[in-house]
Amino acid sequence: MRVHQSIENYNHKERSTVLTIGTFDGVHIGHQKIIQRLNEIKKGTAERSMILTFYPHPRRVLDQSNDIKMLTTMEEKTLLLEKFGLDDLIIEPFTKEFSRLSALDFVRDILVRKLHITKLVIGYDHHFGKNREGNFEQLTEYGELYGFTVEKISAQEIESVSVSSTKIRKAIETGDLSTANKYLGYHYLLTGEIVMGQGIGRKINFPTVNVSIAEDFKLIPKKGVYIVRAHFNDISNFGIMNIGFRPTVGGKGQTIEVHLLDFHGDLYGSKMQVEVLTRLRDEKKFESIEDLAEQISKDENSARNWLMNFK
């Protein structure tokens, strides 16, 4: 998959494309259904399969007071999309000026003249253009005018619940990783750099690494202890993760700490991607460091037992 940082940087303009458009936050199973259909249409043709997405998220640009958190950073989103064998991903910088494009200007000047679309695949609730004035019916009319077809994918449902990024965010915020991961179609991800902590875990024989996430818009799960699978330096290792303020040791500021099972080594400065598998318990303040160490030992045993049935 070739990644283009703007529409202007796309350099295959002589090739027609099968396109879908959206923010694709989370790349959840509803998004995946759209992408799979895109690939089905493209298969056996000379056309290119393409996703046009935007950064930052439009809501963060248009509503500056909006504190919406994202399920995926752009790096995570790109890695997830790469798995689908697409030809091109265009990441268009989203600005207020871009948002003022009318539906007609967007279709005619960008989709038709710059990207040469022959087929557009969209989700059931897709809107576009200034004030989100464009919809499926309008796209169909433009398609008849400019020579492309439009296909709408219905809402993906699990147990009669329509999947959306909003519902996944709520599940993660409440610590319901089972629901979140089911709707995502993979385990929720946290990606960051390993930084120096206070070294308290090492003193009680449960060394941890602190994961620092640069993007302040990334949604962090509810405070508590989780079972995770961490990826770093071409290694995968299970562990337990604490998200919270470390009340037992007078912590200041929220941290993300991962204790890796059966691993020893210096990882400072490395990058780590964490798959959040399931939640064990709430964060709790203990009477002493010794009580904390005893609880971590119980958490580790619980994690090992749970992982015996993990596939």
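How many strands form the closed barrel, and in what order does it run? The closed barrel has 6 strands in the order 9-10-13-12-11-14, with antiparallel pairing; two strands pair if DSSP finds at least two bridges between them. This is a predicted model, in which local features need pLDDT of at least 70 and side-chain atom pairs count only at pLDDT 80 or more, while totals for chains, interfaces and linings use all residues. Residues are numbered from 1 along each chain as its sequence is written, and side-chain values use heavy atoms, leaving out hydrogens and water.

**Barrel**
- Strand 12 (residues 235-244) and strand 13 (residues 255-260) run antiparallel and are joined by 6 bridges.
- Gly 244 has Thr 255 of strand 13 as its bridge partner.

**Helices across strands**
- Helix 3 (residues 74-82) lies across strand 9 (188-195) and strand 14 (271-281), at about 130 degrees to strand 9.
- Angles run from 0 to 180 degrees between N-to-C directions, and axes are lines fitted to C-alpha atoms, for helices over the stretch in contact.
- Contact means heavy atoms within 4.5 Å.

**Helix 5 and helix 6**
- Helix 5 (residues 103-112) packs with helix 6 (residues 136-146) at an angle of about 45 degrees, and their axes are 11 Å apart.
- The two helices are therefore oblique to each other (under 35 degrees counts as roughly parallel, over 145 as roughly antiparallel, 65 to 115 as roughly perpendicular and the rest as oblique).
- Helix 5 contributes Ala 103, Leu 104, Val 107, Arg 108 and Val 112 to the contact, and helix 6 contributes Gln 138, Leu 139, Tyr 142 and Tyr 146.
- Helices (H or I, at least four residues) and strands (E, at least two) are DSSP runs, numbered from the N terminus.
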